[in-house]
Amino acid sequence: MELCPLIKNILLLDSEGKRIAVKYYSDDWPTNSAKEAFEKAVFAKTQKTNARTDAEITMFDNYVVVYKFVQDLHFFVTGGENENEIILAAVLQGFFDAVGLLLRGTVDKKEALENLDLILLCLDEIVDGGIILETDANVIAGKVASHSMDAGAPLSEQTITQALATAREHLTRSLLK
Amino acid sequence: MAQPFLKKDDDHDDEADYSPFLGIEKGAVLQEARVFNDHQLDPRRCSQVITKLLYLLNQGETFTKVEATEVFFAVTKLFQSRDLGLRRMVYVIIKELSPSADEVIIVTSSLMKDMTSKTDMYRANAIRVLCRITDGTLLTQIERYLKQAIVDKNPVVASAALVSGIHLLQTNPEIVKRWSNEVQEAVQSRAALVQFHALALLHQIRQNDRLAVNKLVSSLTKGSVRSPLAQCLLIRYTSQVIRESASNTQTGDRPFYDFLEGCLRHKAEMVIFEAARAITELNGVTSRELTPAITVLQLFLSSTKPVLRFAAVRTLNKVAMTHPIAVTNCNIDMESLISDQNRSIATLAITTLLKTGNEFSVDRLMKQITTFMSDIADEFKIVVIEAIRSLCLKFPLKHRSLMNFLSNIIREEGGFEYKKAIVDSIVILIRDIPEAKESGLLHLCEFIEDCEFTYLSTQILHFLGIEGPKTSDPSKYIRYIYNRVHLENATVRAGAVSTLAKFGAMVDSLKPRIFVLLRRCLFDTDDEVRDRATLYLNTLGADGAVVETGEDVKEFLFGSLDIPLVNLERSLKNYEPSEESFDINSVPKEVKIQPLAEKKAPGKKPTGLGGPPPGPPSTIDAYEKLLLSIPEFANFGKLFKSSAPVELTEAETEYAVNVVKHIFDGHVVFQYNCTNTIPEQLLENVTVIVDASEAEEFAEVASKPLRSLPYDSPGQTFVAFEKPEGVPAVGKFSNMLRFIVKEVDPSTGEAEDDGVEDEYQLEELEVVAADYMLKVGVSNFRNAWESMGPDCERVDEYGLGPRENLAEAVNAVINLLGMQPCEGTEVVPSNSRSHTCLLSGVYIGNVKVLVRLQFGIDGPKDVAMKLAVRSEDEAVSDVIHEIVASG
């Protein structure tokens, strides 16, 4: 019997049910099509509900899914049917708030895609192989946002490289458009 | 080829649909990844490319082996950069690419360097990455660092090492087990999550050592756990300890209950809930123990947070199955949840109320449910219908309002499954509650007037044909049935013709009118309908020759085909056209056991459309097919019962074996289900050597070895014993697994030619009296009891000696007899001094048995029991007494 709380997956979908970022920690969905089918079903089941103030919850194919929406973003956390619902909700809240902090309050699909690296790092910091790493949004966001240089690098090099990088970033962003 | 993700057919300028990944393509991104090889690295640009690669992987894109390898090698170059953000992305993508063993070597040194870095973030992430991709040999090299990391003062590093330990325990347990001193130290950490991870790992290291787990729990429950998550873990471990120790300590208070109860006052909701749930799931929980848990759950019911309400109502719903009275206090809160926005919560609330409700609240509840039904999905409605069905069987007097409810909702919109659930429910109510019959049949008639599902229409017509003629005024159904002949498709028309014929056969006064109707069907456009009409007109004697319907005609119309259709189908398929015509008597008649039908409706077959609720599980069919296919067992006759699988090995051993006991009249077959869990081995010629020296009445007659048992694909071997016919012989059997083991080369999967004979000791197996008893319920025990009559009744009294409480005594007797408790009488209200328990079953030889147990307990906890048995055979009644007397 599995005693440690386990997360089966964390999903971030858009308002049409398409993937922004998803992470599966369980073999319950071995193929990409199985995953997509699950996402589709979860989305269909939850899209009409109002999960904007409080996290909502549903049972589904012997999984417990907690979810919360903001703008055109839909956040989901899935656990097994015997999982403590409140633990799942804590993970969801951690993910949700951390994304909010990282996107500096502008939480929508466009912003999420533009900062996909932050979202992916965020997922990486919340759960490792199904086991909860951290649920405190401030800690999660703090770990993700520490985009400073390696302490070993000389100070001058840091500033110059950073300046260059920022400039280039502006350039590439406009090119990508 | 790459897919253009998120590509829209319509306007690209639409700001809302803008995506930085618009039109992204795998080939192009792989080209871009060349920047990783640049002499002067640009961290931002590299990060962006990695993000794109991760985006592709996340969208379900796959890289070929070559592509993945190329990307992986390019990524390893990025370790040169000291940009922290880039390094983080490198860690993530390495995990996603899951490199092969020979590739891992390339990054090992870089990661090991990071593991010993001064930067905490490097250490933590490098540990997680390395542990994810490493194999056993590398692990011994880095073990020293991991042990250090576990007690690292940075909590992120410690957690990373501990979580990696939990994962590694699956693959390299012997290494991780060496870390227990460090893990133990980490359990005392001040950082909440370190404590959580350390506790999880420590428990997993020790989980097979019951004593150590016990010690761990008793030391930690004294209160040094700070993290809510760790506290939840501790609650789970504690209830496991309670579960395992319950059988040892029959007296005194339940250990650790105080700890669980104390957790109900914790400040974190997740801990409160975990504790409350743990208490409700305790074995044989008393109402005194339940009360505080129910109280906190009740508070959750009125929380503003949907998650809390859901968690509470789901738990209370489960409690209501076993302790309905304990939940009644929450009924008011529960009723307000019927209008909850979240329909999952509302459905759970309704079904809980239906379980806890008493006879008087039914009407009010039905009114509330009616408003609720219109705005929930079909799947929820089905749950509610099922709850209502069992409520109606519980309170037969309330059938009128419940039947009305069903007839109202059946007229509303709904899918097939939903309608089928309603129809099934009405049919079951008609069957079990005689008073509900006429109104129920009329509801069904009205339903088929406007039913879009051919399957349901034909099933209902069939049912009408059996039940309708027996009612006080059969003629009123004719109109509904004949309407079908006008208005429906051919399948339904044919069904209606058969039903009409049944009315004609059973009710002589209706015969002339039926003939008129049937003659009209002779001009139907469909040949099946015409054929049936012609056939029935002839058999019923429409030419005027026969007035009374003959016995053989009735048999033809109503007699069930006493051959299972599957068997008939199989025989027909095997039949080769020849001189000899097909003989229906050659079809095997091994039928599955029919559930006990009440005697008050003689000769009536259970006709629930969806099968009666306590029907035998379909696994029986599967077993039967399996056994029939083995020639050695073909002449054993009809399979009486197959037990649930009994494990003969501990979990996580080399070979996993469980056994299913198949009971025949004069034989017993043991089916050993074996699984080989060693990839490097192939087992051949697997047999189980059974020593039956402690089972005197059994003699081994056949053994069917398993030719080959490859890794991870279960196989079966069988051993059959003869025993005296009809006698419930019991005994103990010791088992030894014998086989030839061959080494398998893991890379090619080919086995070596030469094998070695080996043996493996399995646990003992017992055939007990309960194996000769089928659990078959009756829905109305009193009726069944009365109709069985006192002819073969045997009554006697027994002293059961001192027992902890009545519930324990009741359970012991139920398990001893292996019978089905009826009407929820297996639940003993706590602290009661006496209790009556009703059991039913079918004993070997297909003898129905009903048992009424009356228990009483006196001051010093001595339990006395009066056992009354009624059965169709007094010898069987005596046997039941013998079982109890010797148990």
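## Legends to the close-up views

**Helix 32 of chain B, seen by its two sides.** Leu565(B) and Lys573(B) are the exposed residues on the face of helix 32 of chain B that is turned away from its buried side. Here buried stands for under 20% relative accessible area, exposed for over 50%, and partly exposed for values in between, with a 1.4 Å probe and protein chains only. Helices (H or I, at least four residues) and strands (E, at least two) are DSSP runs numbered from the N terminus. The buried residues of this helix, which spans residues 565–574, are Asn567(B), Leu568(B) and Ser571(B). Seen down the axis of helix 32 of chain B, they fall within an arc of 100°, so they line one face of the helix; the arc is that of the directions from the helix axis to the C-beta atoms.

**Basis of the views.** This is a predicted model, in which local features need pLDDT of at least 70 and side-chain atom pairs count only at pLDDT 80 or more, while totals for chains, interfaces and linings use all residues. Residues are numbered from 1 along each chain as its sequence is written, chains are lettered from A and ligands numbered from 1 in the order in which they are written, and side-chain values use heavy atoms, with hydrogens and water left out.

**Chain B in outline.** Chain B contains 36 helices and 17 strands. Of its 887 residues, 53% count as buried. Among the contacts in chain B with a separation of 6 or more, 64% come from residues 24 or more positions apart; a contact is a pair with heavy atoms within 4.5 Å.

**Helix 12 of chain B and its cover.** In helix 12 of chain B (residues 210–220), the buried residues are Ala212(B), Val213(B), Leu216(B), Val217(B) and Leu220(B). These residues lie on the same side of helix 12 of chain B because they cover an arc of only 135° around the axis. An α-helix has 3.6 residues a turn, so residues three or four places apart point the same way. Arg210(B), Leu211(B) and Lys215(B) are exposed on the other side of helix 12 of chain B. The cover over the buried residues includes helix 10 (180–187), helix 11 (192–206) and helix 13 (228–245) of chain B.

**The interface of chain B and chain A.** In this view, 68 residues of chain B are in contact with 64 residues of chain A. The size of an interface is often given as the accessible area lost when the parts come together. Chain B and chain A bury about 5,900 Å² between them, with 57% of it on carbon and sulfur atoms; this buried area is the accessible area (1.4 Å probe) that the two parts lose on being put together, summed over both. Nine salt bridges are counted between chain B and chain A, a salt bridge being a side-chain nitrogen of Lys or Arg within 4 Å of a carboxyl oxygen of Asp or Glu. Glu96(B) and Lys23(A) meet through their side chains in a salt bridge (2.5 Å, N to O). A network of salt bridges links Asp124(A), Glu125(A), Asp128(A), Lys143(A), Arg88(B), Lys95(B), Arg128(B) and Arg132(B).

**Salt bridges within chain B.** Over all chains, the structure holds 42 salt bridges. One joins Arg87(B) to Asp114(B), with the closest N and O atoms 2.8 Å apart. This pair links distant parts of the chain, as Arg87(B) is in helix 4 (residues 84–97) of chain B and Asp114(B) in helix 5 (residues 101–115) of chain B, 27 residues apart. Arg87(B) is buried at a relative accessible area of 4%, and Asp114(B) is buried at 5%. Another salt bridge is formed by the side chains of Glu274(B) and Arg277(B) (3.4 Å, N to O). Both residues lie in helix 15 (residues 269–280) of chain B, three residues apart, about one turn of the helix, and both are buried.

**The salt bridge of Asp771(B) and Lys661(B).** The closest N and O atoms of this pair are 2.9 Å apart. Asp771(B) counts as buried at 6% relative accessibility, and Lys661(B) counts as buried at 7%.
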